[in-house]
Amino acid sequence: MIYNTLGSSDIQVSRICLGTMTWGEQNTQAEAFEQMDYALDNGVNFWDTAELYAIPPRAETYGKTEEFIGKWLAKTGKRDQIVLASKIAGPSSFTQHIRGGKSRFNRQQIHEALEGSLKRLGTDHLDLYQLHWPERHTNFFGVLGFDAPEKDTVDMTDFEETLEVLTELVKAGKIRHIGLSNETAWGTMKFLQIAEQKGLEKIITVQNPYSLLNRSFEVGLSEVAYQEKIGLLAYSPLGFGVLSGKYLKGKKPEGARITLFPHYDRYSNDNAVKATELYAALANGNGLTPTQLALAFVNSRSFVSANIIGATSMTQLQENIDSINITLDAETLHQIERIHSQYTIPSP
């Protein structure tokens, strides 16, 4: 395994991060336990979860993923071997079951959300606590361009209040570091600006989508990451499994995410499919699987602190973790850029 510094902290994390969002929906507790055992045995010390999980979000499975992790930690006693990250949910039509459907990043709700996560996880602290997506109207979850709202965002927590309570929780020892998710360059810089002006806790990571089908992080945020020492936690490196090639030619594998939940079509538009066909052909021509090519590319990016992989089977998990041993040569990277120039960010 290869280890990176987590943003500007002194924490060393495996470049492969264990994603957990399928646990409690597509994966049973026993399967989750098997994944955690295998990941840790193979050097993966960084795990990411959220109060929202399992996915798709629904009241019946709210917090279930964190509960599975908590039970594994209680069984194994290995909390000190894990760098553990979780997230507080923001407002959305799909979070009506969370805090009365009015989840916000204010003092009361951050305390409530964090205490709930800590209880389910059976731990007294998180190593990283993240805002799952912005409260304000902006471009995320499949939206590339920003459209100004018709009116000012209402009922939005002031950035300073959010940072103040997170800073207090760091000082109290309940979280070690803070991060953002699904955030823009402007939002990231706003949090950094207020932290510097007010002497508050600085964010150290941004968890955003990044893959061969969505390289939007490179536009603006990659420079922020470099200049401010912010690490990218890349999620959906396989584009909901699309980049594995398993959905090509109209295939719908039994039990696969998009087969079960066809509304998760963010990476399935015509240009994304065409790009995937080219990436799959490139991989096969170089003796790699499409999965290996896609993950090795993300692993190679200098701004990536960790590549968040997710698997529903042990075969998938093993291939995902083993991608850390693959180095793409200059010609393969050149061919990736040629495809990227033809199909640029087909799936934001």
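What share of the 348 residues of the protein chain counts as buried? I got 57%. A reminder to myself before going on: this is a predicted model.

**Entry 1: the overall fold**

I began by going through the secondary structure, and the protein chain has 11 helices and 10 strands. Its radius of gyration is 19 Å, close to the 20 Å from the globule rule for 348 residues, so the chain is as compact as a globular protein of that length. Along the principal axes, the C-alpha atoms fill a box of roughly 55 × 50 × 35 Å.

Next I looked up the contacts. Taking those with a separation of 6 or more, I found that 77% are between residues 24 or more positions apart.

Then came the surface. The accessible area of the protein chain is about 14900 Å², and carbon and sulfur atoms make up 48% of it. For charge, I noted 33 positive and 41 negative side chains, with the centres of the two sets 2 Å apart.

**Entry 2: Met36**

I picked Met36, which sits in helix α1, residues 29-41. Is Met36 buried or exposed? Its relative accessible area is 0%, so I wrote it down as buried.

I then asked which residues Met36 touches, leaving out those up to four places away in sequence. My list reads Leu18, Trp23, Trp47, Phe68, Ile69 and Trp72. I also checked Thr20, which is 16 residues from Met36 along the chain, and their C-alpha atoms are separated by 9.4 Å.

**Entry 3: salt bridges**

Side chains of opposite charge can pair when their charged atoms come close. I wanted to know how many salt bridges the structure holds. There are 14, and I followed up a few of them.

Glu25 and Arg58 form one, with their closest N and O atoms 3.0 Å apart. This pair links distant parts of the chain: Glu25 is in the loop between β3 (16-19) and α1, and Arg58 is in the loop between β4 (46-48) and α2 (64-76), 33 residues apart. Glu25 is partly exposed at 26% relative accessibility, and Arg58 is partly exposed at 35%.

Asp48 and Lys87 form another, at 2.7 Å from N to O. Here Asp48 belongs to strand β4 and Lys87 to strand β5 (residues 83-88), so I have a link between distant parts of the chain, 39 residues apart. Are these two partners buried or exposed? Asp48 is buried, with a relative accessible area of 2%, and Lys87 is buried too, at 0%.

My next pair was Glu168 and Arg107, whose closest N and O atoms are 2.5 Å apart.

Most residues other than glycine have a negative phi, and most peptide bonds are trans. I went looking for exceptions.

Where did I find cis peptide bonds? One joins Tyr53 and Ala54, with omega at about 25°. Another joins Ile55 and Pro56, with omega at about 0°. Ala54 lies in the loop between β4 and α2, and Pro56 is in the loop between β4 and α2 as well.

For phi, I noted Arg99, which is not a glycine and yet has a positive value of about 50°. Arg99 is in the loop between β5 and α3. With 18% relative accessibility, Arg99 counts as buried, the cut-off being under 20%.

Lys229 is not a glycine either, and its phi is positive, at about 60°. I placed Lys229 in the loop between α6 (221-228) and β9 (231-235). Is Lys229 buried or exposed? At 55% relative accessibility, Lys229 counts as exposed.

Conventions:
Residues are numbered from 1 along each chain as its sequence is written. This is a predicted model: local features need pLDDT of at least 70, side-chain atom pairs count only at pLDDT 80 or more; totals for chains, interfaces and linings use all residues. Side-chain values use heavy atoms; hydrogens and water are left out. Helices (H or I, at least four residues) and strands (E, at least two) are DSSP runs, numbered from the N terminus. The radius of gyration is taken over C-alpha atoms; the globule rule is 2.2 Å times the number of residues to the power 0.38. Buried means under 20% relative accessible area, exposed over 50%, partly exposed in between (1.4 Å probe, protein chains only). Contact means heavy atoms within 4.5 Å. Accessible areas come from the Shrake-Rupley method with a 1.4 Å probe; for residues, only the protein chains shown count as cover. Lys and Arg count as positive and Asp and Glu as negative; His and the chain ends are not counted. The place of a charge is taken as NZ of Lys, CZ of Arg, CG of Asp or CD of Glu. A salt bridge is a side-chain nitrogen of Lys or Arg within 4 Å of a carboxyl oxygen of Asp or Glu.
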